[in-house]
Amino acid sequence: MKNRINQLFHDKKENILSVYFTAGYPQLDDTVTIIEQLVANGVDLIEIGMPFSDPVADGPVIQQSSLVALKNGMTIARLFEQLKGIREKVNIPLILMGYLNPVLQYGVEAFCQKCAEVGIDGLILPDLPLEEYHDSYREIFARHNLHNILLITPQTSEKRLHEIDEASHGFIYMVSSSSTTGVKSSVSDFHLDYFERINQLKLQNPRLIGFGISNKETFDNACQYAQGAIIGSAFVKALGDNGSLDEKISKFVNQLVKGV
């Protein structure tokens, strides 16, 4: 079976909108509702955050959402329970994003098997080193048709970029800057020379730009340098606002795509 991530990038070449949210936030049982509402509002890809007690790469908004989700009782086992039957409702690519430690505690083989059972297409584990993935986990991921989505930053060397490109399936997560996740005030905060340098390398995998995408201006700008962009902190922040989930999600996506 073709992975849905590959199908997406085959069918849609530009302006791909990926949205991240933390499972179990703002309420424990909001996970499926948020996924359904994002799909209903035209989002192309969804990254479901697995809350962790020490999210070192995340800024304050996502850190806080992780703490709330954990207090709400969110666990990986509960997340898999919530996602049972999700493929009867939505067909866009779904990715789990988080840290390696909870996956190791769950058991990598068991975790990947559960991902396959509920219909997850890929994993983003920023603290999983490429070499460790190659040596220990690549075959497990492949057996369950899971793409390991790797990250690059402005500091990634050209040699490493080609190694990551060679090891990647699906897309490369292009971190916009060297900071933690969070909203950037304008496109001037991005390393445009880095975006241009990556474009000149003619990598074989498509790319999505993440970290700091927060509004139509930053989304449109990122899409000039990659196939699309990933929204995280700005959306998680919006979920904490007053109002119903469907209203908050519809308003957020409309502002992002249409600027209204």
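Here is a short chat about a predicted protein model.

Student: What should I know about the model before we start?
Tutor: It is predicted, so to speak, with local features needing pLDDT of at least 70 and side-chain atom pairs counting only at pLDDT 80 or more, while totals for chains, interfaces and linings use all residues. Residues are numbered from 1 along each chain as its sequence is written, and side-chain values use heavy atoms, leaving out hydrogens and water.

Student: OK, how many helices and strands are there?
Tutor: The protein has 12 helices and nine strands, counted as DSSP runs (H or I, at least four residues, for helices; E, at least two, for strands) and numbered from the N terminus.

Student: Which strands does S3 pair with?
Tutor: Strand S2 (residues 45-49) pairs with S3 in the parallel sense over four bridges, and S3 pairs with strand S4 (residues 122-124), also parallel, over three bridges. Pairing here takes at least two DSSP bridges between two strands.

Student: Are the faces of S3 covered or open?
Tutor: Both faces of S3 (residues 94-97) are covered, with Leu94 and Leu96 buried on one side and Ile95 and Met97 buried on the other. Buried means under 20% relative accessible area with a 1.4 Å probe, protein chains only. In a regular strand, side chains alternate between the two faces of the sheet.

Student: Switching topic, how much of the whole protein is buried?
Tutor: Of its 260 residues, 55% count as buried.

Terms used
Buried means under 20% relative accessible area, exposed over 50%, partly exposed in between (1.4 Å probe, protein chains only).
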